[in-house]
Amino acid sequence: MDQHYQFGSVNHTREAAHDVIMKGRKKLEITGVKHVESFDHEEFLLETVMGYLAIRGANLRMQNLDVDQGVVDIEGKVFDLSYLDEQPGEHAKGFFSKLFK
């Protein structure tokens with residue numbers, strides 16, 4: 001994971017919308033992205049307005065990045081989408097420790 005992008009300011013008067021649209025397990029359109037933490041051809045880690053989102057797959061590549069609108073389009077074979085939320089009863093852990101279980 002080798003790249004890092006910071007998105008423009010988020011409208012603080014209302015919470016930004018967050019949607020994940022998958023088309024045929026080959027294309028993802030994600031809105032409400034605040035920050036691209038890291039990515040490579042097997043994994044993306046995005047900070048969204050609803051928490052961290054990990055995307056795992058094969059031959060993943062970023063097709064579109066709109067930093068002003070908080071939109072990311074990813075293409076490739078998608079294996080897994082997961083939000084890295086703290087679960088009740090879990091001890092405090094960083095999101096990287098959850099990511100690499």
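**How many residues does the hairpin use to join β4 to β5?** Let's work through this and a few more exercises together.

This is a predicted model, where local features need pLDDT of at least 70 and side-chain atom pairs count only at pLDDT 80 or more, while totals for chains, interfaces and linings use all residues. Residues are numbered from 1 along each chain as its sequence is written, and side-chain values use heavy atoms, with hydrogens and water left out.

**Exercise 1. Trace the neighbours of strand β5.**

Step 1. Find the strands, which are DSSP runs of E with at least two residues, numbered from the N terminus. Strand β4 covers residues 33-39, β5 covers residues 43-48, and β6 covers residues 51-66.

Step 2. Look at the links. The hairpin from β4 to β5 passes through 3 residues, which answers the opening question. Another hairpin, through 2 residues, leads from β5 to β6.

Step 3. Check the pairing (two strands pair if DSSP finds at least two bridges between them). β4 and β5 are antiparallel, with 5 bridges; β5 and β6 are also antiparallel, with 6 bridges.

Step 4. Pick out partners. T48 in β5 sits opposite V33, and E47 has Y52 of β6 as its bridge partner.

**Exercise 2. Decide whether the faces of β5 are buried or exposed.**

Step 1. Recall the cut-offs: buried is under 20% relative accessible area, exposed is over 50%, and partly exposed lies in between (1.4 Å probe, protein chains only).

Step 2. Take one side: E43, L45 and E47 are buried.

Step 3. Conclude: 6 of the 6 residues in β5 are buried.

**Exercise 3. Examine two backbone angles.**

Step 1. Start from the general rule: most residues other than glycine have a negative phi.

Step 2. Turn to R25, in the loop between β2 (20-23) and β3 (27-30). This residue is not a glycine, yet its phi is positive, about 60°. R25 counts as partly exposed because its relative accessibility is 40%.

Step 3. Now try N59, in strand β6. N59 is not a glycine either, and has a positive phi of about 55°. With 55% relative accessibility, N59 counts as exposed.

Conventions:
Helices (H or I, at least four residues) and strands (E, at least two) are DSSP runs, numbered from the N terminus.
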